[in-house]
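Thanks for taking a look at this one with me.

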Amino acid sequence: MPSNLDLQGGKAFGLLKAHQREKLEEINKEYMEDQKYRDEEDLPEKLNSFKNKYAEFDLNDQGEIDMMGLKRMMEKLGVPKTHLEMKKMISEVTGGCSDTINYRDFVKMMLGKRSAVLKLVMMFEDKANGTSCKPDGPPPKRDITSLP
């Protein structure tokens with residue numbers, strides 16, 4: 001972000017997120033061109049979904065999900081985890097070489113064949129969001145005769 005602009009609040013945050021999404025989109029292009037993932041079904045849609053999820057939980061906007069970002073993600077998905085469980089999840093995703101999850105590790109985990117705990121939670125959340133049990137719109141009007 002250029003330093004000659006003195007933006008604050010929402011505008012600065014919006015520019016920061018836009019810059020972050022551009023960086024993630026560049027990484028997505030690498031995966032689109034990678035021969036290893038050519039056979040993946042609906043790859044552009046999956047990568048776009050991963051990009052949006054990752055950007056939502058990258059709290060420090062440094063291109064990494066740290067312990068607090070993962071904690072927030074698990075709580076928002078309705079699966080709160082302990083500190084040790086989250087450390088194990090990060091270690092599982094990164095192969096034990098980092099304390100944060102970068103976007104490349106995140107995409108490799110989601111597209112990989114191995115079932116990581118975080119991958120299972122994310123897939124469960126996507127399936128839960130895909131089929132809505134609640135009807136859309138306001139409830140129908142009822143009169144006194146329709147009551148039980």
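**Notes on the model**

1. Let's start with helix H3, on the face turned away from its buried side: the exposed residues there are Met 68 and Lys 76. Please keep in mind throughout that this is a predicted model.

2. Which residues of H3 are buried? They are Met 67, Gly 69, Leu 70, Met 73 and Met 74. These residues lie on the same side of H3, because the arc they cover around the axis is only 160°.

3. Setting aside neighbours within four places in sequence, its contacts are Ile 65, Met 86, Met 89, Ile 90 and Leu 118.

4. Now for the chain as a whole. There are 6 helices and 2 strands, and along the sequence they follow the pattern α-α-β-α-α-β-α-α. Of the 148 residues, 30% count as buried. Among contacts with a separation of 6 or more, 51% are between residues 24 or more positions apart. The chain exposes about 10400 Å², with carbon and sulfur atoms supplying 54% of that area.

5. Is Lys 51 buried or exposed? Its relative accessible area is 10%, so Lys 51 is buried, the cut-off being under 20%. Beyond its neighbours within four places in sequence, Lys 51 is in contact with Arg 21, Leu 24, Glu 25, Asn 28 and Tyr 103. One of these, Leu 24, is 27 residues apart from Lys 51 in sequence, while their C-alpha atoms are 6.3 Å apart in space.

6. The other is Asp 105, in helix H5. Asp 105 is buried yet has no salt bridge. How far away is the nearest side chain of opposite charge? That side chain belongs to Lys 108, and the distance is 4.9 Å. Not counting residues up to four places away in sequence, Asp 105 touches Val 93 and Thr 94.

Methods. Residues numbered from 1 in each chain as written. Predicted model: local features only at pLDDT ≥ 70, side-chain atom pairs only at ≥ 80, totals over all residues. Heavy atoms only, no water. Buried < 20%, exposed > 50% of the residue type's maximum accessible area, 1.4 Å probe, protein only. Contact = heavy atoms within 4.5 Å. Helix = DSSP H or I, 4+ residues; strand = E, 2+ residues; numbered from the N terminus. Areas by Shrake-Rupley, 256 points an atom, 1.4 Å probe, with all protein chains shown as cover. Lys, Arg positive; Asp, Glu negative; His and termini not counted. Salt bridge = Lys/Arg side-chain N within 4 Å of Asp/Glu carboxyl O. Arc of directions from axis to C-beta.
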